[in-house]
Amino acid sequence: MRRSPSSSQLRKASRDDSRRWNLLTALQAIARHGTVSRADIARVTGLTRATVSSLVAELIAEGLVHEVGVGEAESAGKPPTLLAINGDGRDIVALDLSRQPFQAAIFDLAGEITHREVADAPATGDEAVETAIRLAETCLAASSNPVLGLGVGTPGIIDPEGTITEAANLDWHDLPLRRFLAERLGLAVSVANDAHVAALAELRATDGADTLLLVTVAEGIGAGLVLDGALHSGQHLSSGEIGHVVIEPDGDRCRCGLVGCLETVAAVPVVARRADGSHDPASAANAGRRLGAALAMVISAIDVDRVVINSDLARVDGYVDAVADELTARIHRSRRPHLSVSASEVADPVLAGAAAIVMRDELGVILR
Ligand SMILES: [Zn+2]
């Protein structure tokens, strides 16, 4: 028979929970506001000054926060000590599996990339899992601070346990990626869809806009939809899986088994290369028009004004214009003045988003 906990144990548990909640609240306030005094934290969180002082002492002892100087005195009092997230307090390893070969980076707690790695060669299937593990291990070896966790942005449909239900381009089916990585690497692992994490990174970089569709065009095509500041994951965590919608029933067979998916006409591998290795502009524009045509129904259905393209193709002359022109031509006139289509200005959005989900999962910090 299970014994119920004694009342003193219950009191202790709830005291620990509320202490932990307050710690996360204080940490979130510091992360969001950049540089703050203890009084600022008390003001924005509603916690007492004494509580904040004790919480900050604990965050400093943990190495998550440090003192960075003094601010201006509010009245005749002494100037307040300013606090900020301690960038060197922890490292976060992030993997971007949306591109071949896979990419990795170490982020510090302040969100800066301090180290990069690229896999030796493209990989799919079991080899892709081993490649991801090797990349993460190389980053762990290069890390000079305690590692908070590993964040992974991967193509495919991912369940809440971090199992890849289906990632056709990597030939992964029912792959418990999060568990594999956590067991092999011995650290906390967060796994999420590449387009979803990229949308979170894009949201952080936009001023004010809290609704956007971030379309990632790489080996595959996926989208992340942010509505009113929150990622819309969908009823089966597969929102934005537009790459395997059939748009050309008489077209080429796709890696997923269907014929004529959007990816077969608009993903990066179908865009021709020139002799110097760069993407051919005419071919890129053609892929852009196919994408724009496919997005017209998406945009019209959800009524979103801001479309951001995350792709190497966005650097090719005429590509983003081709997406925008085709999309604009296919939607109702009343919507056209509001629509904006632009290239993402976030460097490495999948890596940045993968690091952000580790901050969220391990520290409860959601940056905006
Ligand atoms: Zn397909």
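These legends describe an overall view and several close-ups of a predicted model. Local features need pLDDT of at least 70 and side-chain atom pairs count only at pLDDT 80 or more, while totals for chains, interfaces and linings use all residues. Residues are numbered from 1 along each chain as its sequence is written, and side-chain values use heavy atoms, with hydrogens and water left out.

**Figure 1. Overall view of the protein, with 10 helices and 16 strands.** Helices (H or I, at least four residues) and strands (E, at least two) are DSSP runs, numbered from the N terminus. The C-alpha atoms fill a box of roughly 70 × 50 × 45 Å along the principal axes. Buried residues make up 47% of the 368 residues. Buried means under 20% relative accessible area, exposed over 50%, and partly exposed in between (1.4 Å probe, protein chains only). Of the contacts (heavy atoms within 4.5 Å) between residues at least 6 apart in sequence, 59% join residues at least 24 apart.

Figure 2. Cys-254 is buried at 9% relative accessible area, whereas Cys-256 is partly exposed at 28%.

**Figure 3. The largest nonpolar core, with 34 residues.** A nonpolar core is a set of buried Ala, Val, Leu, Ile, Met, Phe, Trp, Tyr and Cys residues joined through side-chain atoms within 4.5 Å. Leu-27, Ile-41, Leu-59, Ile-92, Phe-107, Leu-109 and Leu-363 touch the most other members. Elements giving two or more residues include helix H1 (7-33), strand E4 (91-96) and helix H10 (349-363). H10 gives the most, with 7 residues. At least three residues come from each of domain 1 (7-85) and domain 2 (89-197 + 349-363). The domain bounds come from an automatic or database domain assignment. Beyond four places in sequence, the contacts of Ile-92 include Phe-107, Leu-148, Ala-355 and Met-359.

**Figure 4. Ser-190 in strand E11 (residues 189-193).** Ser-190 is buried, at 5% relative accessible area. Beyond four places in sequence, Ser-190 touches Leu-150, Gly-151, Val-152, Ile-357, Val-358 and Asp-361. Ser-190 and Leu-351 are 161 residues apart in sequence, yet 12 Å apart C-alpha to C-alpha.

**Figure 5. Ala-267 in the loop between helix H7 (263-266) and helix H8 (281-302).** Ala-267 is buried, at 1% relative accessibility. Beyond four places in sequence, Ala-267 contacts Val-217, Ala-218, Glu-219, Gly-220, Ile-221 and Leu-262. Its C-alpha lies 9.8 Å from that of Arg-290, 23 residues away in sequence.

**Figure 6. His-279 in the loop between H7 and H8.** His-279 is buried, with 10% relative accessible area. Among the residues it touches beyond four places in sequence are Val-268, Arg-273, Leu-313 and Val-316.
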